Amino acid sequence: MLTTISLTHYMVLSALLFGIGLFGVLAKKNAIAVLICIELMLNAVNINLVAISKFVTPTLFIGQIFAIFVITVAAAEVGVGLAIIIAIYRNKVSVNLDDFDWLKW
């Protein structure tokens, strides 16, 4: 029996990954874990972009090009985010998000 993977399968996978990432962002207290969950959400978006591009316009590579831009932005986000977390860790000796209260009055 031959089964094919349709656009619906990709959308369901992407929605599950995005939901897991969103839950992690809202539930985690560790700043590094939150960054990882944001990356998971961005990868879910990349799956959507490439899958829609493959099924809607298979001769064009628009979804793949946008996915490359998302990967580039994600890499920059990780670099800046880790630099900020390391700088805060040196001052607070913690990466718990509840300890980041410098902007509170």
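1. Leu17 lies in helix α1, which covers residues 7-27. The model under discussion is a predicted one, and the remarks below should be read accordingly. Leu17 has a relative accessible area of 22% and is therefore partly exposed, given that the buried class requires a value under 20%. Setting aside neighbours within four places in sequence, Leu17 is in contact with Leu40, Ala44 and Ile47. The C-alpha atoms of Leu17 and Val45 are 9.1 Å apart in space, although 28 residues separate the two in sequence.

2. Ser14 is also placed in helix α1. Is this residue, Ser14, buried or exposed? Ser14 counts as buried because its relative accessibility is 2%. When residues up to four places away in sequence are not counted, Ser14 touches Ala44, Val45, Ile47 and Asn48. Ala44 and Ile47 are among the contacts of Leu17, and Ser14 touches Ala44 and Ile47 as well.

3. Ile38 belongs to helix α2, which covers residues 31-56. With a relative accessible area of 29%, Ile38 is partly exposed. Apart from neighbours within four places in sequence, Ile38 is in contact with Val25 and Glu77. Between the C-alpha atoms of Ile38 and Val78 the separation is 9.4 Å, and these two residues are 40 residues apart along the chain.

4. Val93 deserves a separate comment. This residue is found in the segment after α3, the helix that covers 62-92. Most residues other than glycine have a negative phi. Val93 counts as exposed because its relative accessibility is 60%, and the exposed class begins over 50%.

5. The secondary structure of the whole chain consists of three helices and zero strands. Read from the N terminus, the order of elements is α-α-α. Among contacts between residues at least 6 apart in sequence, 55% join residues at least 24 apart. The pair Ser14 and Asn48 is one example of a contact in the model.

6. The UniProt record, an unreviewed entry, assigns the feature "transmembrane region" to residues 7-26, 32-53 and 65-89. In the model, residues 7-26 are 100% helix and 0% strand, with end C-alpha atoms 28 Å apart. Residues 32-53 are likewise 100% helix and 0% strand, and the end C-alpha atoms of that span lie 32 Å apart.

7. What radius of gyration does the chain have? The value is 18 Å, whereas a compact globule of 105 residues would have one near 13 Å. Along its principal axes, the C-alpha trace spans about 60 × 25 × 25 Å.

8. Buried residues account for 21% of the 105 residues in the chain, and Ser14 is one of the buried residues.

9. As to charge, the chain carries 6 positive and 5 negative side chains.

Technical notes: Residues numbered from 1 in each chain as written. Predicted model: local features only at pLDDT ≥ 70, side-chain atom pairs only at ≥ 80, totals over all residues. Heavy atoms only, no water. UniProt positions renumbered as here; feature names shortened; annotations may be inferred. Helix = DSSP H or I, 4+ residues; strand = E, 2+ residues; numbered from the N terminus. Rg over C-alpha atoms; globule rule 2.2 N^0.38 Å. Buried < 20%, exposed > 50% of the residue type's maximum accessible area, 1.4 Å probe, protein only. Contact = heavy atoms within 4.5 Å. Lys, Arg positive; Asp, Glu negative; His and termini not counted. Charge placed at Lys NZ, Arg CZ, Asp CG, Glu CD.
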